[in-house]
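Please open the model in a viewer and keep the selection panel at hand. The stops below proceed from one selection to the next.

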Amino acid sequence: MRFLLDGEQREFARTLDGMLGSAGTPGVVRSWASGDHGPGRALWGRLGEAGVFALAVPEEHEGVGPLPVELAVAFGELGRHAVPGPLAETAAAGALLGRLGGDAAHVWLPQLASGKAVASLCVLSPGGSPYALDADAADAVFVVDGDTVRLADSHGPVQPSADPARRPARPLGGVVFAQGPAVTAAAAYAADVAALVTAAQALGLGRALLERTVEYVRQRTQFGVAVGSFQAVKHRLADTLIALEFAQPLVYAAALALAADDPAAGREVAAAKVSACEAAYGAARTALHLHGAVGYTAEPDLSLWIRKARPLRTAWGTPAVCRARVLAGGTLR
């Protein structure tokens, strides 16, 4: 099977790339990390106008989805440009409410689709994280606990993260608004959507890091020649590229499986998540190594990309959990 994007999907990616390339995302990331969400919310609104969040929302709630392949395309660009915020969580919240329906879906889905509202999602599970990403910036924080889902009233203190622009906090309180087997099934689907778009983000992040590193080693010289001409450097970059190239079809295969409601979609998503995130983590290590001392400092914008790789690697399924899901046929959570 060939996983090739069609003309509209490629044009969508180019449009987002152009928009984000002129949006000054490094400044947006630094503001978000400091707790100033204004620039980030402005960019969020532009993404909503471009239709990014509508891709996760059903048509009956003013969305155009669910369209997992297009979501993967969009999130690849969001990762490439290091856009901050609970991106995967908002898409997953849209998927959750879209499956559940009811009053909460009627109230929140149109706002999520348009980019007027930001959501976070916390799925409590054994060994999982009790935190919701960017709860301090979200208009709604949904918490799934077993077969119940509630809208949190507040949140605890923001916790530190390897990526300063990821601001997790424990959701507090709230009244249960849905309960039963439908919640369990919807939460499982939402978690798969979150893992898929996180994989796509990581893939875009890894490609951006590789591009920046290639550009740098062409300029940096040692012994009178560019360090990019050294065989060891070439091999390191080639290994990074191969890992990213191998991960890309897995991401699109997972998106197609989700779109088709394939029973094996969980396994496909887990394989995509571990492959893309390990490739991005490898790209971050390569960038750190080949940039030398520059890679260890926070002042260059490069650090904003490098520091995202590790949190994405563990978000919505650690490598160990994803590998276990693949071996279990996608049934393990």
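Begin by selecting R170 and Y131 in this predicted model. The charged end of R170 is placed over the ring of Y131, at 5.2 Å from the ring centre. Next, select R212 together with W305. Here the charged end of R212 sits over the ring of W305, and the distance to the centre is 4.0 Å.

**Aromatic pairs**

How many aromatic pairs does the structure hold? There are three. For the next stop, select W44 and F53, whose rings form a stacked pair with 4.6 Å from centre to centre and 15° between the planes. Both W44 and F53 are buried.

Now move to W108 and F142. The centres of these two rings lie 6.3 Å apart and the planes stand at 90°, so the pair is edge-to-face; the angle for that class must be over 60 degrees. Colouring by secondary structure places W108 in helix α6 (residues 102-114) and F142 in strand β3 (residues 140-145). The pair therefore ties together parts that are 34 residues apart in sequence. W108 and F142 are both buried.

Select residues 8-116, which the unreviewed UniProt entry annotates as "domain: Acyl-CoA dehydrogenase/oxidase N-terminal". This span is 69% helix and 0% strand, and its end C-alpha atoms lie 25 Å apart.

Within the selection, display helix α3 (residues 38-49). Its twelve residues, at 1.5 Å a residue, should span 16 Å; the end C-alpha atoms are 17 Å apart, which agrees. The expected figure takes 1.5 Å times one less than the number of residues. Just after α3, select G51, where phi is positive at about 90°.

Select residues 188-326 next. The unreviewed UniProt entry annotates this span as "domain: Acyl-CoA dehydrogenase/oxidase C-terminal". Residues 188-326 are 78% helix and 3% strand, with end C-alpha atoms 15 Å apart.

Display helix α8 (residues 231-259). At 1.5 Å a residue, its 29 residues should span 42 Å, and the end C-alpha atoms are 43 Å apart, which agrees. The buried residues of α8 include V233, L237, T240, L244, A247 and V251. Further along the helix, Y252, A253, A254, A255, A257 and L258 are also buried. What do the buried residues of α8 pack against? Show α4 (68-80), α7 (181-219) and α9 to see their packing partners. Just after α8, D261 takes a positive phi of about 55°.

Select A279, which is found in helix α9 (residues 265-290). With a relative accessibility of 5%, A279 counts as buried, because the cut-off is under 20%. Setting aside residues up to four places away in sequence, A279 touches A243 and L244. A279 and L244 are 35 residues apart in sequence, yet their C-alpha atoms are 5.4 Å apart in space.

Then select T213, located in helix α7. Is T213 buried or exposed? At 1% relative accessibility, T213 counts as buried. Apart from neighbours within four places in sequence, T213 is in contact with L237, T286, A287, L290 and H291; L237 is among the buried residues of α8.

**Cysteines**

A search of the whole structure finds zero disulfides. C277 is in no disulfide, and the nearest cysteine sulfur, that of C322, lies 7.4 Å away. C322 is likewise in no disulfide, with the sulfur of C277 as its nearest cysteine sulfur at 7.4 Å. C277 is buried, with a relative accessible area of 2%. C322, at 4% relative accessibility, also counts as buried.

Notes. Residues are numbered from 1 along each chain as its sequence is written. This is a predicted model: local features need pLDDT of at least 70, side-chain atom pairs count only at pLDDT 80 or more; totals for chains, interfaces and linings use all residues. Side-chain values use heavy atoms; hydrogens and water are left out. Rings of Phe, Tyr and Trp (its six-membered ring) pair if their centres lie within 6.5 Å; planes under 30 degrees apart count as stacked, over 60 as edge-to-face and the rest as tilted. Buried means under 20% relative accessible area, exposed over 50%, partly exposed in between (1.4 Å probe, protein chains only). Helices (H or I, at least four residues) and strands (E, at least two) are DSSP runs, numbered from the N terminus. A charge sits over a ring if NZ of Lys or CZ of Arg is within 6 Å of the ring centre and within 35 degrees of the ring normal. UniProt positions are given in the numbering used here, feature names are shortened, and annotations may be inferred rather than shown by experiment. Contact means heavy atoms within 4.5 Å. A disulfide is a pair of cysteine sulfur atoms within 2.5 Å.
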